[in-house]
Amino acid sequence: MAAMLEVRDLTTGYTDVPLIADLSISLAPGEVVALLGANGSGKTTVLRAIMGLLPAWQGRVVFDGQEVTRRAVHERVKAGLVMVPAGRRLFFGLSVEDNLKMGGYLTWESRLLRERMAEVFALFPELGKLRTHLAGKLSGGEQQMVALGRALMARPRALLIDELSLGLAPVVVERLMPAVEKIRNLFGIPVLFVEQDVLRAVELADRAYVLDQGRIAMEGHPKQFAQDRRLIRAYMGV
Amino acid sequence: MESFQFVVNGLMLGGIYAIVGAGFALVYGVMNVLNVAHGSFIMIGAYLTYWTVTLLGVDPFVTLPASAVALFAFGYLVQRTVISRVLHASIFMTFILTFGLDMFLINAGLVAWGGSYRAVRPSYADDVLIMGGLTIPYVRLVVLVAVVAVIALLLLFMSKTRLGIAIKATALEREAAQLAGVDVKQIDAITFGLSAALAGVAGGLLAVVLPFGPFMGVPLTGKAFTVAVLGGLGSMTGALYGGFVLAFAEIGGVIALGGEWADGIAFIILLVVLVLRPRGLLGKEFFAEVKV
């Protein structure tokens, strides 16, 4: 099957030192793939580079057969590549409803916005009652639901999720993780997610990459890794 | 009678300050630029109204939409060609650049129109409305109506339209806005254009009530800054309130202390607010976060 998203020999960083080097990963249609690795191994950088928030120094990003390496972020979003950023990054001063509407910014047709918002509320019923609340006033878990909902409002054709569990209580994470599965099943879209928690990733992912100092150290089924010592070393940084 | 005059003048001047300050705050909120040339956009608006009235003989209030459009285009172009170059530089670079732009515009005004003071006087300039023993200059009443209309339109635009919400979203979380598909560079230019358009309308309104010259914008930039700080820098609604607070403080101060204090009051307020409450008095939550 042709990959939905293909990253080939990607090198990039913030200063003049590359944070990721010659990195190649792929995401097939309908697949849920985890990107694992220790703190500072470059997971977030990979997602940011795929979205174009960080320009690629070398290499290519191909989405659904089109090369998007040099395209602006909003053009990639238009093509269907959508990301849920780490730490949620909601528009705190806007209502939940306006946050969701912003997710549908590229279509912004009232009937479509209503339909999609209804889908989000079906996925996260608790958000329905919070529509008029400011996003900044919500709990961390509720904010993460809005962040996922905002991404879904764009009708993604592939979803990137950066650290869904960041800063959230385990109970809340338990509630949110199944949503990723549901998103895949409901929308039939592939998901590439970055996660600190290997065990959670194992439950969720079809496939995983382990990132170590900006390079892919391993690739395979996460269950393999869960027992593998090399992974523990790479992941825990011991 | 006197208190009635006080309220009408305060509302009128406050509305103009609010419009000026809101534009200034919008630009700061979205692109972290304190636009020192904001006052010169007001000056251009005043001259646009003056010349349209003088050459075409139309009513000054009719010129406002046209000068809003003209100033929008001007602001949009200035952002795209000049301001966009310093967005990733330090805030001092934005100061130097907009200060230079201010100098340029003031001197261009001097060269083009000379230094003499001008005034826009519609045919009804001396008419007054007499209502139950109260006299209100007709012009001031129309300015008041125009100000209310502009603020209402602005609030409606910012809260209900796709573009308005996108501007707020970009100010709040630039990267998240990009990830939602917003072309933030376009939003920068549109915001700058909107800010200039508001300044242009304010200039047209000021031209009807006060004499003006090429330097009229200099104290107004200071006032825009004061208004924006009062409202919590970056908060547009805060600046709208801030405009009225400043106007009433100024008019009250002039009555209590004398006319020579008129321009000083703004800076006293600015100083006091910056020392005691740098986040502003009226800032709307989440909008007035100070960015470094």
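Start with the charges: select the Lys, Arg, Asp and Glu side chains of chain A, which holds 30 positive and 26 negative side chains. Lys and Arg count as positive and Asp and Glu as negative, while His and the chain ends are not counted. The centres of the two sets lie 3 Å apart, with each charge placed at NZ of Lys, CZ of Arg, CG of Asp or CD of Glu.

This is a predicted model, in which local features need pLDDT of at least 70 and side-chain atom pairs count only at pLDDT 80 or more, whereas totals for chains, interfaces and linings use all residues. Residues are numbered from 1 along each chain as its sequence is written, chains are lettered from A and ligands numbered from 1 in the order in which they are written, and side-chain values use heavy atoms, with hydrogens and water left out.

**The whole chain**

Show chain A as a cartoon: there are 10 helices and 10 strands. Helices (H or I, at least four residues) and strands (E, at least two) are DSSP runs, numbered from the N terminus. The radius of gyration of chain A is 17 Å, close to the 18 Å of the globule rule for 238 residues, so chain A is as compact as a globular protein of that length. That radius is taken over C-alpha atoms, and the rule is 2.2 Å times the number of residues to the power 0.38. The C-alpha trace spans about 45 × 40 × 35 Å along its principal axes. Of the 238 residues, 55% are buried (under 20% relative accessible area, 1.4 Å probe, protein chains only).

**Two domains**

Next, colour domain 1 (5-80 + 156-236) and domain 2 (90-142) of chain A separately; the bounds come from an automatic or database domain assignment. Their C-alpha centres lie 25 Å apart. The contact (heavy atoms within 4.5 Å) takes 12 residues from domain 1 and 8 residues from domain 2.

**Helix 1**

Select residues 43-51 of chain A. Among the buried ones are Lys43(A), Arg48(A) and Met51(A). Move on to Gly52(A), which follows helix 1 and has a positive phi, near 95°.

**Ala158(A)**

Finish at Ala158(A), in strand 7 (residues 158-162) of chain A. Ala158(A) is buried, with a relative accessible area of 0%. Leaving aside residues up to four places away in sequence, Ala158(A) touches Met4(A), Phe63(A), Gly80(A), Leu81(A), Val82(A) and Pro190(A). Then select Pro85(A): Ala158(A) and Pro85(A) are 73 residues apart in sequence and 14 Å apart in space, C-alpha to C-alpha.

Note on methods. Buried means under 20% relative accessible area, exposed over 50%, partly exposed in between (1.4 Å probe, protein chains only).
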